[in-house]
Amino acid sequence: MAHVSSSNGTGAERSASLSASASSPASAPARSAPQQPAAQASPPPSGASSGRRSENSTGILFGVGAYVLWGLLPLYFVLLVPAGAVEIVASRIVFSLVFCAALLTTLRSWKATAAAARNPRLVATLSGAAVLIAVNWLTYAWAVLNEHAVEAALGYFINPLVSVLLGVVILKEKLRPLQWVAMAVGFVAVLVLTFAYGTVPWVALALAFSFGLYGLVKKGVGGKVDAISSLTIETAALTPIAVGVLIWLSISGTSTILSNGAAHFWLLAASGIITAVPLIFFGAAARRLPLSTVGMLQYLAPTLQFIIALAVFKETMPPERWAGFGLIWLALVILTVDMMGGPRRNRLLRAAGV
């Protein structure tokens with residue numbers, strides 16, 4: 001759907017605050033004029049402020065692009081039938097690596113990727129991220145192909161709440177009152193949806209946690225590696241497994257990539273571009289934006305997926321599911337209100353010298 005790919009309450013605001021503090025030039029007292037009783041603080045250089053705004057605007061464009069493309073992904077998956085979820089994901093991995101290699105060659109960026117690949121700790125971190133995103137891809141592909149697109153959209157709606165939870169459990173953050181309320185409402189929503197589905201919504205939870213953890217890992221990488229190199233290393237880590245899966249499917253007679261005509265082959269081959277482009281956009285956005293902003297943009301993808309599930313796939317939404325979704329949306333509104341108050345809280349804390 002890093003960034004913790006969603007809004008991470010206190011962590012997001014602290015990230016934004018630290019970023020702003022680090023990039024803002026310290027105010028220095030100006031020289032006093034002969035009859036001026038007090039010194040005036042010199043304004044920050046306009047170039048620094050303009051640079052920050054430009055970075056932020058670029059990050060927003062990348063983020064919107066990533067989430068809109070992800071939101072439209074269900075329409076692409078239905079074109080790949082009769083390929084199953086496993087074959088689709090394996091093809092995505094292999095063709096993504098091919099696309100990344102072509103892109104690195106075109107941009108002459110192999111040197112940066114090679115330098116990143118020589119860092120064992122960085123490679124291990126990105127390999128962990130690769131496993132998480134593979135789980136996310138497989139779960140999502142299965143959901144769309146098995147009439148669970150609504151539940152898949154639910155997973156990405158839940159993701160911001162999961163990110164807050166990860167902040168508490170992993171980063172040992174403390175929640176503010178509104179965040180506690182949002183978490184409580186979200187918990188009740190999961191209970192309602194469990195009743196509505198007749199079971200725990202495992203698809204939604206698997207998507208939310210896998211992508212939330214992926215975002216957390218990617219955000220930890222930060223500026224250590226560029227977006228294309230990061231994706232190249234991630235897909236390279238998964239490619240041996242993906243190739244093995246495709247060979248196994250071919251031997252077992254269940255592969256479709258070479259047996260359903262040229263159009264089907266090229267549709268699967270296009271998965272490299274369709275997979276890589278939004279992930280590159282996502283990585284570029286995560287490096288430029290605070291978690292809170294990325295979390296706000298994330299609502300674009302599940303909203304589009306939800307609309308497609310109802311309007312195109314005609315999936316059913318009985319009243320009890322609407323009730324559960326309504327509670328999730330209420331929790332997100334509460335979380336968003338708390339998030340929007342973050343900049344003001346940060347200004348007050350800085351003014352108080354905290």
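**Exercise 1.** Determine how helix H5 and helix H10 are packed in this predicted model, giving the angle and handedness of the crossing and the residues in contact.

Solution. For H5, which spans residues 110–117, and H10, which spans residues 227–252, the axes come within 9 Å and cross at roughly 55°. H5 and H10 are therefore oblique to each other, and their crossing is right-handed. Next, list the contact: H5 contributes Ala112, Thr113, Ala116 and Ala117, while H10 contributes Ser229, Thr232 and Ile233. Sorted by class, the contact of H5 with H10 comprises four nonpolar and three polar residues, with no charged residue.

**Exercise 2.** Carry out the analysis for H7 and H15, and state which classes of residue make up their contact.

Solution. The axes of H7 and H15 come within 10 Å and cross at roughly 35°, and the crossing of this pair is left-handed. On the H7 side the contact is made by Val150, Leu154, Phe157, Ile158, Pro160, Leu161 and Val164, which meet Phe325, Ile328, Trp329, Ala331, Leu332 and Leu335 of H15. Classification then gives 13 nonpolar residues for the contact of H7 with H15, with no polar and no charged ones.

**Exercise 3.** How many salt bridges does the structure hold, and where in the chain do the partners of each one lie?

Solution. Side chains of opposite charge can pair when their charged atoms come close. The structure holds three salt bridges, which may be taken in turn.

1. Arginine 288 pairs with glutamate 55, with the closest N and O atoms 3.6 Å apart. Because arginine 288 lies in helix H12 (residues 271–288) and glutamate 55 in helix H2 (residues 46–71), the pair ties together parts that are 233 residues apart in sequence. Arginine 288 has 25% relative accessibility and so counts as partly exposed; glutamate 55, at 40%, also counts as partly exposed.

2. Arginine 176 pairs with aspartate 338, with the closest N and O atoms 2.4 Å apart. This pair links distant parts of the chain, since arginine 176 is in the loop between helix H7 (149–169) and helix H8 (177–197) and aspartate 338 is in helix H15 (residues 319–340), 162 residues apart. With a relative accessible area of 17%, arginine 176 is buried, and aspartate 338 is buried with a relative accessible area of 4%.

3. Glutamate 234 pairs with lysine 218, with the closest N and O atoms 2.7 Å apart. Glutamate 234 is in helix H10 and lysine 218 in helix H9 (residues 202–221), 16 residues apart, and the pair links distant parts of the chain. Both glutamate 234 and lysine 218 are buried.

**Exercise 4.** Is leucine 126 buried or exposed, and which residues is leucine 126 in contact with, leaving aside its neighbours within four places in sequence?

Solution. First locate the residue: leucine 126 lies in helix H6, residues 120–145. Its relative accessibility is 0%, so leucine 126 counts as buried. Once neighbours within four places in sequence are set aside, leucine 126 is in contact with Val221, Val225, Ser230, Ile233 and Glu234. For glutamate 234, the C-alpha to C-alpha separation from leucine 126 is 5.6 Å in space, although the two are 108 residues apart in sequence. Glutamate 234 is also the partner of lysine 218 in a salt bridge.

Definitions and conventions. Residues numbered from 1 in each chain as written. Predicted model: local features only at pLDDT ≥ 70, side-chain atom pairs only at ≥ 80, totals over all residues. Heavy atoms only, no water. Axes fitted to C-alpha atoms, helices over the stretch in contact; angles between N-to-C directions. Helix = DSSP H or I, 4+ residues; strand = E, 2+ residues; numbered from the N terminus. Parallel < 35°, antiparallel > 145°, perpendicular 65-115°, else oblique. Left-handed = near helix turned anticlockwise from the far one by under 90°. Contact = heavy atoms within 4.5 Å. Nonpolar A, V, L, I, M, F, W, Y, C, P; charged D, E, K, R; others polar. Salt bridge = Lys/Arg side-chain N within 4 Å of Asp/Glu carboxyl O. Buried < 20%, exposed > 50% of the residue type's maximum accessible area, 1.4 Å probe, protein only.
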